Amino acid sequence: METATIVNPFVVGRYVSDHYFCDRQKETEFLVKQTMNGRNVALISPRRMGKTGLIHHCFNQPELKGGYHTFFVDIYATTSLAEFVYLLGKTIYEELKPEKTAWTERFFQIVRSLRVGFKLDAMTGEPSFDISLGNIQSPQITLDEIFQYLEAADKPCLVAIDEFQQIGSYEEKNVEALLRTKIQQCRQTLFIFSGSERHVMSNMFNSSSKPFYQSAISMGLEPIPLAAYTDFAIRMFEERGKRIAPTVIESVYRQFDGCTWFVQMMMNELFALTAHDELCDMPKLELAHRNVIQAQESSYKDMLSRLAPKQKQVLQGIAKEGKASGITSSAFIKKYNLPSASSVQSAIKPLLKNEIVTQEEDAYRVYDYFFAEWLRKEY
């Protein structure tokens, strides 16, 4: 069997291979088609819906795997252009280093500003990327050199930048315009701009006042259809000599609104709880749910400890409601003993900014379904 070392086929948080990737056939075809036709793509959907997995899955398709150099850069934790440039350079170098082609060896010849980080391993004699963030003295110069390097490649390059909306909050104010100019000048380098803050990403690519206006084909990502996920889950169980009732799969899917990461997390635990030749049935659901929450309880306590008292109150109220509408109404304020509408408004802003709470039209919910359940039971 393919990738026999994978004990649990419900892989969470990483991409292994096509075999462990569920559906997304239309999305894969669309993304590959856009790339093959020389178009940049803005992939916009909520976090943990499977954007990263889809990108790596597309990178693994024959059309892209053989014809392009592919790079994936996650900039979620970056706060400046210097950090962006550092991650981009590091990712490109480390991805290409194993190939040992003439082009890879030219990295420090073209990206001259990073030569300070070019060192040889004393034991193996292999070159290494021994660079710290402090070595990025002139981010714009280094960025120019990196783009020059990509454009000089022996085949087209495809760069996926995850959580792309982060560039809008950098300490420098001109990063969007700067990157747009650099990207517009590329002739053989394409980009996938992936982002989870839908309103920010939509504004970046669909507002005529923004530098990236109409510079990419916009693409959303909806939950995998229940029927497709059911077939996938049954097959994964059966391949390992186990069985699962379709009603269990549907229950998990509907509980988490089909959100990929949360569904996979539950299926991973259900698979672990099911013995060989055993049927995974409804009674296992409660134990699996409890186990998943218990494994993350310390991080939930830590998250809660860092919130201001009013933020905690509002968060707990939203968790108890499930989906809370009218959070500044007198009914909501009275029900959860909140001081005033203005205090709710001030509390909800950081909860949204830190993605602890998400807004769907006029309703709010705790972003992490497991965290919401923990809050409901503990408070």
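How many bridges join E11 to E12? Four bridges join these strands, which run antiparallel. The model is predicted, with local features requiring pLDDT of at least 70, side-chain atom pairs counted only at pLDDT 80 or more, and totals for chains, interfaces and linings using all residues. Residues are numbered from 1 along each chain as its sequence is written, and side-chain values use heavy atoms, with hydrogens and water left out.

Helices (H or I, at least four residues) and strands (E, at least two) are DSSP runs, numbered from the N terminus. Two strands are paired if DSSP finds at least two bridges between them. E10, E12 and E11 form an open sheet of three strands in that order, with antiparallel pairing. Its edge strands are E10 (324-325) and E11, each of which pairs on one side only. E10 pairs with E12 (residues 363-366) over two bridges in the antiparallel sense. Here Ser325 has Ala363 of E12 as its bridge partner.

Ala324 is found in E10. Ala324 is buried (under 20% relative accessible area; exposed is over 50%, partly exposed in between; 1.4 Å probe, protein chains only), with a relative accessible area of 1%. The C-alpha atoms of Ala324 and Gln359 are separated by 9.4 Å, although these residues lie 35 apart along the chain.

A second pairing involves E2 (69-74) and E5 (residues 157-162). Six bridges join E2 to E5, and the two strands run parallel. Phe71 stands opposite Val159 in E5. Five of the six residues of E2 are buried, so the strand is largely enclosed by the rest of the structure.

Helix H16 has 13 residues. From its first C-alpha to its last, H16 reaches 19 Å, close to the 18 Å expected at 1.5 Å a residue; the expected span is 1.5 Å times one less than the number of residues. Its buried residues are Ser343, Val344, Ala347, Ile348 and Leu351. Seen down the axis of H16, these residues fall within an arc of 125°, so they line one face of the helix. The arc is that of the directions from the helix axis to the C-beta atoms. Lys349 and Lys353 are exposed on the face of H16 turned away from its buried side.

Pockets and cavities were located on a 1 Å grid over the protein atoms alone. A cavity is a set of points where a 1.4 Å probe fits but cannot get out; a pocket is an open set with protein on both sides within 12 Å along at least five of seven lines; lining residues have an atom within 4 Å of a point. Grid points are joined across faces, edges and corners, and a volume is the space filled by probe spheres set on the points.

The largest pocket has a volume of about 1,000 Å³. Its lining comprises 38 residues, with Ser196, Glu197, Arg198, His199 and Glu355 nearest the centre. H9 (198-206), H16 (341-353) and E11 (357-360) each supply at least two lining residues. H9 gives the most, with five. The lining divides into 14 nonpolar, twelve polar and twelve charged residues. Ala, Val, Leu, Ile, Met, Phe, Trp, Tyr, Cys and Pro count as nonpolar, Asp, Glu, Lys and Arg as charged, and the others, Gly among them, as polar.

Glu355 lies in the loop between H16 and E11. Glu355 is buried, with a relative accessible area of 15%. Its phi is near 60°, a positive value in a residue other than glycine. Most residues other than glycine have a negative phi.

The second largest pocket holds about 720 Å³ of space. Of its 31 lining residues, Gly13, Gly50, Thr52, Gly53 and Trp261 are the closest to its centre. H2 (51-59), E2, H10 (226-239) and H12 (260-273) each give two or more residues to this lining. The largest share, five residues, comes from H2. The lining divides into 15 nonpolar, eight polar and eight charged residues.

One cavity of 30 Å³ or more is counted. Ile224, Tyr229, Tyr253, Gly258, Cys259, Thr260 and Val263 line the largest cavity.
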